[in-house]
Amino acid sequence: MITAAEAMVKCLEQENIQVIFGYPGAAICPFYDALTASNIRHILVRQEQNAGHAASGYARLTGRPAVCVATSGPGATNLITAIATAYMDSVPMVAITGQVSSEMLGRDVFQEADITGAVEPFIKHSYLVKDAKSLPRIFKEAFYIAGTGRPGPVLIDVPVDIQKTGIDFSYPESVDIRSYKPSVKGHVGQVKKVIEALAAAKQPVICAGGGVILADAAQELIELAERCDIPVVHTMMGIGVMPSFHRLSFGMLGSHGVEAANYAVNHTDLLILIGARVGDRAVAAPGLLEQRTRIIHIDVDPAEIGKNLGANIPIVGDAKVILRQLLEADIVENHTEWIDRLTEKKEAFMHPAPAQDGRVSPKQFMRMLSAKAAADAVVVADVGQNQIWTCNYFEMKGQTRFLTTGGMGTMGYSVPAAVGAKLAAPQRQTLAICGDGSFQMQMMELGTICQHHVPVKIVIMRNNRLGMVRELQTLQYRDNCTAVFLDGSPDFMTLAEAYGIPAAHVSSMEEAPAAIDAMLQAETPYVMVVEIGEGEPTL
């Protein structure tokens, strides 16, 4: 017989979990005590939200559920934003929280919060453990639910008295949840309709979403696009599906996308959506799009099909499996005239303008950084102008992996997510891109980076403004800029020095090449502060 806390650790070992991210407290101390006897590596973050973001980065590199841990009350509630972020972006994650003793539930005792109730709108599933003997089954189910179908976060809330209870441990070999049966293979009849639609289309377009990456279906998508000569655009979460320089790659669509991608979607006669939510930033007027083109929507989550955009041919299933079904048909098409027209739009975007005030052009800087970065670099963008500059101007090579928070748009994501990504793939160059506003929401994680020797490279695009909000106020609120000035920010170079992290300051494009080389060649963590003009536009 062992304690339930020891059983929790054994469950993680059975799931081959090697790294977890967390912050301890009294209600989760039995678990932490048991963890010391395990080879599982614990990464102590400096704030619980960042444990969730780090687990997100780790999960997105491995393709498997990652684990974050917090105590009850404020520890658990600090995880909420990270859980919501993972839910919106379909990231497989298991969050473990301590809870007050079972007999105290509902009495508003010290550090009690109904965390299962709090996360209900944005969690794939949650458990409040009431019987210690059920823990092995719950853990088995949690990892299965988090990682199958449309991935997402699962919460396990464990009262402290339950953790101390003795149980006979046996880990289940399989899972059978009657109400949870994700579809994988596309319906044969619907696949046939897609093939017929492809043959009839004159100006088809594939829109690749994050679901293509989650399904590891990029190669199948590229093969279909090349065989049928179909241009590919992508959502923000679909960046990296196809190399930027590929003749059929036409960039990100939407309100912050590029002209070629939006032109393609606005003039297509067949739009093939694969693993995309069709959010408002991607398609601002879905009703108009429905009227003027045929739409195929492929998604593993049936709830997404038709939610934001009506589909003429819906297919529920795994993107990789369905793309292979289509490739079995051996269809070949040619759309040279259509591709040539889009290529003209694409080429007009290839040469970003210089900075308006002689400082660093963020667009040119991103092009330069991408040219010098490793082919298999992991690039983690935060939220704001820095995100859009990275999305549109950092050129994706064959194995480049791009991470960001697309659905929730959570500032303070990039550094902890980069830490998780680097720990998941230590051999890959890992870059975190953020603004001076978002960096100050996460700069405490420099301590985590130093303590655990995580050599991530952090690029801070500094304009002393909340740049995107400032731009919004300028354009839509009569230039009445308020609460967007970051006066009082620290000297980031001195801050890096305080942590013993090498740093560089770039104030012009002439300084950029040598500074980028020094950062990328460093074997340690690195901070680069890049001076951007206060009025630099997003697009």
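**Figure 1. Salt bridges in the predicted model.** The model contains 17 salt bridges, a salt bridge being a side-chain nitrogen of Lys or Arg within 4 Å of a carboxyl oxygen of Asp or Glu. The model is predicted, and local features need pLDDT of at least 70, side-chain atom pairs count only at pLDDT 80 or more, and totals for chains, interfaces and linings use all residues. Residues are numbered from 1 along each chain as its sequence is written, and side-chain values use heavy atoms, with hydrogens and water left out.

**Figure 2. The salt bridge between Glu-220 and Lys-320.** The closest N and O atoms of this pair are 3.1 Å apart. Helices (H or I, at least four residues) are DSSP runs, numbered from the N terminus. Glu-220 is buried, with 7% relative accessibility, and Lys-320 is buried at 18%. Buried means under 20% relative accessible area, exposed over 50%, and partly exposed in between (1.4 Å probe, protein chains only).

**Figure 3. The salt bridge between Asp-330 and Arg-227.** Here the closest N and O atoms lie 3.8 Å apart. Asp-330 is in the loop between H14 and helix H15 (336–347), while Arg-227 is in helix H11, so this pair ties together parts that are 103 residues apart in sequence. Asp-330 is exposed, at 56% relative accessibility, whereas Arg-227 is buried, at 19%.

**Figure 4. A network of salt bridges.** Arg-150, Asp-301, Glu-304 and Lys-307 are linked in this network. Within it, the side chains of Glu-304 and Lys-307 meet at 2.9 Å, N to O. Glu-304 is buried, with a relative accessibility of 5%, and Lys-307 is partly exposed, at 49%.

**Figure 5. The second largest pocket.** This pocket holds about 400 Å³ of space. Among its 21 lining residues, those closest to the centre are Lys-124, Arg-150, Asp-301, Pro-302 and Ala-303. On a 1 Å grid over the protein atoms alone, a pocket is an open set of points where a 1.4 Å probe fits, with protein on both sides within 12 Å along at least five of seven lines; lining residues have an atom within 4 Å of a point. The lining comprises 8 nonpolar, 6 polar and 7 charged residues, with Asp, Glu, Lys and Arg counted as charged. Domain 1 (2–167) and domain 2 (188–348) each contribute at least three residues to the lining.

Methods. Helices (H or I, at least four residues) and strands (E, at least two) are DSSP runs, numbered from the N terminus. Grid points are joined across faces, edges and corners, and a volume is the space filled by probe spheres set on the points. Domain bounds come from an automatic or database domain assignment.
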